Amino acid sequence: MDDDAEQQHQSIPTPAAAVTAAPSYARTEWAKAFRTALTHDDAATRDRAVERGRRWRAVLAGMAEGRLRIGSRTPVEGLPAWVTPEVVRGGFATGAASAAGPLQPYETEAARRFGVPAERAALFAHCLTEPGLAWLSDLLDSGHYEVTLPEEAALLTVAWLVRTGEVAGAVDLAETLEPHAGTVRFLPRPSRIPAAAPGHVHRRTVADARRTLERRRPNEAVETQREALAVRNPFADDVLRHWLETTGTGRVLDVAPDEDWYARGAALLTRRRTLAAEYTRCRKHRDPKENLGILIAALEESVARRPLDPRRLGLLRTAVEAMVRRRGLPGSPRHADLRRRQSAQAALPSHHALAGLAARRLAALPQESGAVDVGPPTAEVSAGESRETALPVGAALPASVRRVVEGTLSAPLATLVERGVVPSAEVLAELVPQLVAATTARSYPDGPLRTLMAAHHRAFGNRRSLLLLNLERQVRAEELPWVRAVTAFRSDPDGDRAALDALRELGEIAVRSFPGTILPNPLVRELAVLVRQADLGAPLVEELAADIFMGTFSPKFLTSARVAAELLRGTLYERYYGIDYAAVRDLAVVEAGRNLFRSSDPRSAGARTSPGFAALCARRAEDPGSWSVAGNGKVIEQAQILTTHNLATLVHRVGITSGPGGWDGLALRCFAAVCRLTARLENHRRPMTTVKDAAYAWRQMLFHLSLCDPSELASAPERLAEEGARHPAHVAARLAPALAGLRLVADGGRFGPDGSAEGGRARRFLGWSTDGHWLLTPEASRRGPARRPGP
C-alpha cells in the first residue's frame with residue numbers, strides 16, 4: 001500500500017477505531033470502477049472495470065454482512081489462513097479464494113481423461129486413488145507442470161509423501177485439504193516444458209508477451225495521418241490539377257471547360273465517394289470550409305452545370321491560390337519532393353503490424369517460460385516475412401514492441417538489470433521470488449521435491465498481501481500445510497551458505513542498481529525468507545502505511561535501529577538527523593531483556609510491541625498526539641531514519657558492498673535522483689508524493705556518504721552542487737537549503753530544534769510535513785506565493 005496522504009484512503013478514522021477497516025475506501029474504489037465501466041471509450045477497459053467493480057461490490061457486501069474482517073490475516077469467514085484469498089487494491093479481501101471460481105480448461109480436460117464428473121471434489125477424490133497418484137507421480141518425475149497458485153502444489157505433495165512411504169503424513173494432509181476440495185483448485189496444471197534453469201529469471205512468459213502484442217490496436221492518430229498522406233493528399237492533388245486546367249491568365253475558370261473536363265470531373269466525384277466509403281478515418285476533406293472541401297463543392301456545382309455564384313467562385317479561386325502557394329504547382333520540384341517524403345512516411349509499417357509480426361514469431365517458442373534468446377523475435381523483417389505480411393524488408397521493430405519481447409528474456413538477474421529489462425526496484429521485487437525459490441528449494445535433497453518446492457515458492461511469491469491491523473503479519477510459506485508436511489525432509493548442509501550468498505547478491509543488486517529507492521515491501525519479504533534460511537537473525541523491516549498506522553512498532557524495528565547504531569555511531573548520518581545512537585543501543589538492550597521475560601511468562605499474550613521505540617519516534621516527530629495521516633507519516637519516517645530502512649542491516653549483517661563505484665558513487669546517484677524528483681515539483685498539482693520520495697533518496701544518499709572515506713566526504717558538498725547545476729535552475733534553488741544544511745553538519749554544525757539553521761537558509765530534509773514543506777515555499781523555489789500542500 002502506498003502510504004502517501006494524497007493518494008491513500010483513510011480507512012481508519014481514529015486509532016481507537018483501528019480494529020477493523022472502514023468501508024469508505026472500498027466504496028470509493030467501487031464508484032471509480034463503476035464510472036469507468038459506464039464512460040470509458042475502450043470496450044476492453046470497460047470490461048475490466050466491470051470485473052473490478054464486481055470484486056469491490058463483494059468486498060462491501062462481505063463487510064456489511066460481517067463475513068469479512070478486513071485487517072485480519074484470516075479475513076474470510078470459513079477460509080483458513082493458508083487458503084490464498086482473492087485480494088484487490090489496498091489489501092482488501094473480496095471473500096473468495098483465488099483458487100476458486102469456475103473450472104479451468106485443464107481441469108475440465110483432466111475430468112474427461114479420468115472419466116469422472118467435471119467437479120473439483122471428484123478430481124480431488126480421483127487423485128487419491130492409485131491411478132490418480134500414479135498420474136501425479138509421473139508429473140513429479142517429468143517436471144512438466146505449473147504451479148500458478150500455492151494450492152496447486154498440494155496434491156503433488158500428497159503424491160510425493162505416498163511414494164516416499166510417508167502414508168500417515170499424506171493422509172493428514174489430505175484430511176486438511178478435503179473440506180475445501182469442492183471449491184479450491186488443488187490440481188496442478190500440466191505444462192509442455194519443465195521448469196526454467198536455476199539462476200535464470202524472466203519478467204514475463206512468452207505467452208504473456210504474445211497476448212500483449214496481439215492486443216495492440218492501430219493508433220488512430222497515426223493511421224489517420226497515414227490515410228491523409230497516402231489517400232487524401234494524392235486525391236487533392238488530382239482535384240487541384242483539374243481546376244488548374246481552367247486557368248488562362250492565372251485565374252480559375254478563365255478558360256471555359258470542355259465536355260471532357262466535365263466527364264473527368266464527374267469521375268473525380270465518383271472516386272471521392274468510393275474513397276470516403278473505404279477510408280473513414282480522415283474526415284478533414286469533408287469540411288466545407290477546408291480548401292479541398294471548397295474545390296469539391298465547386299466541382300459538384302460545375303458538373304451539375306450550375307453556374308458558380310460570385311461568392312463560391314471567389315472561395316474557389318482563393319483556395320486554389322492558397323494550395324499552390326503553400327506547396328507549389330502539382331508536379332513542380334518543390335511539390336514533388338514534398339509528396340515523395342510524405343509517401344515514404346505513409347509507407348512506413350505501422351507499429352501494430354510489426355507487433356503482430358513479433359507475436360507470430362513468439363508463437364513458435366515455448367509459451368509457459370521465458371525466452372533464452374530474444375534476438376530472433378526482435379530481428380528486422382526478413383524477405384520471407386515480407387512476402388507473407390507485405391511489411392518492407394529490413395523494417396525494424398519499434399522500441400515499444402522490442403521492450404515487450406525483451407521482457408521475456410530468461411537470464412541471470414544481474415543481466416536483466418544491466419540490459420534495462422528491470423527498470424525499477426518494484427520490478428526487481430517481482431522477479432526475486434524466482435531466485436529465492438531456487439535457493440530455498442536447495443535444502444530438499446530429493447530432486448522432484450526440490451523442483452516442486454521451487455515452483456511452489458514462485459507461486460507463493462505472487463500471493464498478494466492483505467491489509468493487516470493490530471501488528472498481525474502476513475502468512476508465511478512454511479505455514480501452509482503441504483509445506484509443513486515436507487519440512488522434515490530438508491537436509492542440505494550447504495543451504496545456509498547458499499541462502500546467504502543469494503541474500504548478499506540480491507541486496508547488492510537492489511542497492512547498487514536503484515540506490516535512490518527504498519526497498520519495496522515485496523522485496524523485503526523475499527529477503528527475509530533468505531535471512532531465515534541462512535539463520536542470520538538480521539532484522540528487515542517493511543514500509544508501514546500511514547493511513548492505518550496505530551502508533552506501535554514490532555520489536556524488530558528497535559533491533560534494526562540497534563544494528564544501525566553499531567554501524568553509524570559518530571558518523572555524518574547520526575549528526576545530520578540528530579540521533580543519539582548510544583541511547584538507541586541502550587534502549588534495545590533494555591527492551592530485549594523485557595521481551596525475554598515476557599516470552600517466558602505464560603500470562604503474556606498478543607502481539608509484541610516496542611513501546612520505547614514508538615515513544616522515541618513520536619518524540620522525534622514532535623507528534624501532537626492527535627491522529628492524522630501526515631502525523632503518522634512523520635512518525636513512520638523517524639522509524640525509517642533510525643533503522644536506515646534496512647541499509648544498515650544489509651551492510652553490517654549481510655555484508656553487501658558498494659561495488660566498483662564506491663559509496664561516494666552511490667551517493668552521487670542518489671542525489672541525481674533527488675534532483676530528478678525535485679524537477680517534477682514545478683507546477684505540480686499534488687507534490688507531496690514527490691517531496692516524500694525525494695527525501696527518501698536524500699536519506700539514502702546520507703547513508704552512503706557516511707560510509708565514505710574522510711577525503712571523499714569532505715568534497716561531497718561541492719560535488720553535489722556540481723551535479724545540481726546540471727538540472728534546471730529551479731532545482732538548485734529549491735535544494736539550496738538542503739545543501740546548506742549538509743555543509744553545516746559536515747563542518748561540525750547543528751540544526752536547531754525546528755530542523756533549521758542560519759535563519760532558515762539551512763534545512764534538514766525530511767519528507768513528511770503537517771504544516772507545509774519548505775521545498776515548496778517561495779524562498780526555496782523563487783516563485784510566487786507559497787502553496788500549502790495537503791497532508
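Student: Contact means heavy atoms within 4.5 Å, so what share of the contacts with a separation of 6 or more comes from residues 24 or more positions apart?

Tutor: This is a predicted model, and in it residues 24 or more positions apart account for 71% of the contacts in the protein that have a separation of 6 or more.

Student: OK, and how many helices and strands are there?

Tutor: The protein has 34 helices and six strands, and its C-alpha trace spans about 110 × 85 × 55 Å along the principal axes.

Student: What percentage of the residues is buried?

Tutor: Of the 791 residues in the protein, 50% are buried, while the accessible surface comes to about 36,500 Å², with 52% of that surface belonging to carbon and sulfur atoms.

Student: What about charges, how many side chains are positive and how many negative?

Tutor: There are 104 positive and 91 negative side chains, and the centres of these two sets lie 5 Å apart.

Student: Let's go inside. Which residues touch the most other members of the largest nonpolar core?

Tutor: That core has 132 residues, and W698, M701 and F765 are the ones that touch the most other members. Helix α30, which covers residues 688–706, gives the largest share of this core, with eleven residues. As a general background, nonpolar side chains in soluble globular proteins tend to be buried together.

Student: Which residues does F765 touch, not counting those up to four places away in sequence?

Tutor: Among them are Y576, Y577, V674, V691, W698, L735, H773 and W774. There is also a second, separate core of 71 residues, and L79, A97, L149 and A437 are included in it.

Student: Switching topic, is R339 buried or exposed?

Tutor: R339, which is found in helix α13 (residues 333–347), counts as buried because its relative accessibility is 15%, and buried means under 20%. Leaving aside neighbours within four places in sequence, R339 is in contact with N233, D237 and R327.

Student: And where is N521?

Tutor: N521 is in helix α22, which runs over residues 521–534, and at 18% relative accessibility N521 counts as buried. If residues up to four places away in sequence are not counted, N521 touches E542 and E543.

Student: How many disulfides does a search of the whole structure find?

Tutor: The search finds zero disulfides. C675, for instance, is in no disulfide, and the nearest cysteine sulfur, which belongs to C670, is 11 Å away. C675 also counts as buried, because its relative accessibility is 0%.

Student: Last one, about backbone angles: what is phi for A390?

Tutor: A390 has a positive phi of about 70°, although it is not a glycine. A390 is found in the loop between α15 (383–389) and α16 (399–406), and its relative accessibility of 69% makes A390 count as exposed.

Student: And what is phi for H645, and is H645 buried or exposed?

Tutor: Phi of H645 is near 45°, which is a positive value in a residue other than glycine. H645 has its place in the loop between α27 (629–643) and α28 (647–654), and with 1% relative accessibility H645 counts as buried.

Notes:
Residues numbered from 1 in each chain as written. Predicted model: local features only at pLDDT ≥ 70, side-chain atom pairs only at ≥ 80, totals over all residues. Heavy atoms only, no water. Helix = DSSP H or I, 4+ residues; strand = E, 2+ residues; numbered from the N terminus. Buried < 20%, exposed > 50% of the residue type's maximum accessible area, 1.4 Å probe, protein only. Contact = heavy atoms within 4.5 Å. Areas by Shrake-Rupley, 256 points an atom, 1.4 Å probe, with all protein chains shown as cover. Lys, Arg positive; Asp, Glu negative; His and termini not counted. Charge placed at Lys NZ, Arg CZ, Asp CG, Glu CD. Core = buried A, V, L, I, M, F, W, Y, C linked by side-chain atoms within 4.5 Å. Disulfide = S-S within 2.5 Å.
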